[in-house]
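Biologist: I am new to this structure and would like to know on what grounds each description of it is made. Could you show it to me and then take my questions in turn?

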Amino acid sequence: MNSVQGLLAASVISIQNSCFTYPACQNCLSRLILDSRRFHCLKCGCTGEAKDVSYRYRLSLKIADTNDLFDITVFGTCLDPFFGITAGNLQRYIQDFNQLSGETNTESSTRALVHAVETCFIGKRFIFGV
């Protein structure tokens with residue numbers, strides 16, 4: 001599943017979503033279903049306490065090489081250097097920021113994060129393993 005079939009040098013045209021982390025199953029890396037106390041993986045059946053959830057990066061991009069446009073999604077720890085912290089730490093930072101600032105609507109922190117990610121990625125050229 002993680003084998004690279006080829007390399008593609010392409011520029012990022014746009015960011016396709018505003019959610020850059022997701023609660024990930026430690027067994028199969030699928031998205032978890034969370035409630036206030038528990039988590040559940042629909043794929044492998046793993047369950048546990050919500051406080052023990054691990055987060056993973058998921059960055060969906062529209063990219064272009066010299067001939068074509070592609071929609072790709074980059075997952076996991078390869079994004080740690082770009083964000084400067086792990087996905088779990090970024091998620092905690094955002095939650096702490098919203099709590100400390102008294103934000104009930106997380107739209108302003110989401111907009112700020114999206115703007116930062118757009119600034120770092122859009123227009124830049126990367127080599128993607130596909």
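Modeller: What follows is a set of questions about the terms used, each with its answer.

Modeller: This is a predicted model, in which local features need pLDDT of at least 70 and side-chain atom pairs count only at pLDDT 80 or more, while totals for chains, interfaces and linings use all residues. Residues are numbered from 1 along each chain as its sequence is written, and side-chain values use heavy atoms, with hydrogens and water left out.

Biologist: How many helices and strands are there in the chain, and what makes a stretch a helix or a strand?

Modeller: Both are DSSP runs numbered from the N terminus, a helix being H or I over at least four residues and a strand being E over at least two. The chain has three helices and eight strands, and from the N terminus on its elements run β-β-β-β-β-β-β-α-α-α-β. The C-alpha atoms fill a box of roughly 50 × 35 × 20 Å, taken along the principal axes.

Biologist: Why is S30 called buried?

Modeller: Buried means under 20% relative accessible area, exposed means over 50%, and partly exposed lies in between, with a 1.4 Å probe and protein chains only. S30 has 17% relative accessibility and therefore counts as buried. This residue is found in the loop between β2 and β3, and, not counting residues up to four places away in sequence, S30 touches Y22, P23, A24, C25, C41 and K43, where contact means heavy atoms within 4.5 Å. Of the 130 residues of the chain, 32% count as buried.

Biologist: What is L29 called by that scale, buried, exposed or partly exposed?

Modeller: L29 has a relative accessible area of 39%, so the residue is partly exposed. L29 too is found in the loop between β2 and β3, and its phi is near 70°, a positive value in a residue other than glycine. Most residues other than glycine have a negative phi.

Biologist: What makes you say that the buried residues of α2 line one face?

Modeller: The buried residues of α2 are A87, G88, L90, Q91 and N98. Seen down the axis of α2, they fall within an arc of 165°, so they line one face of the helix; the arc is that of the directions from the helix axis to the C-beta atoms. The face turned away from this buried side carries the exposed residues Y93, Q99 and L100. What covers the buried residues of α2 includes β2 (21-24), β6 (54-64), α1 (80-83) and α3 (107-121).

Biologist: Which residues of α3 are buried, and within what arc do they fall?

Modeller: In α3 the buried residues are S109, V114, V117 and F121. Seen down the axis of α3, they fall within an arc of 135°, so these residues also line one face of their helix. Their cover includes β1 (7-15), β6, α1, α2 and β8 (125-129).

Biologist: Why are β6 and β7 said to pair?

Modeller: Two strands pair if DSSP finds at least two bridges between them. β6 and β7 (residues 69-75) have seven bridges, in the antiparallel sense, and therefore meet that definition. R58 stands opposite F75 in β7, and the two strands form a hairpin with four residues between them. β2 and β6 likewise pair in the antiparallel sense, over four bridges, and the bridge partner of T21 in β6 is Y57.

Biologist: What makes β3 and β5 edge strands?

Modeller: Three strands form an open sheet in the order β3-β4-β5, with antiparallel pairing. β3 (32-34) and β5 (47-49) are its edge strands, as each pairs on one side only. Strand β4 (residues 38-41) pairs with β5 over three bridges, and R38 stands opposite E49 in β5.
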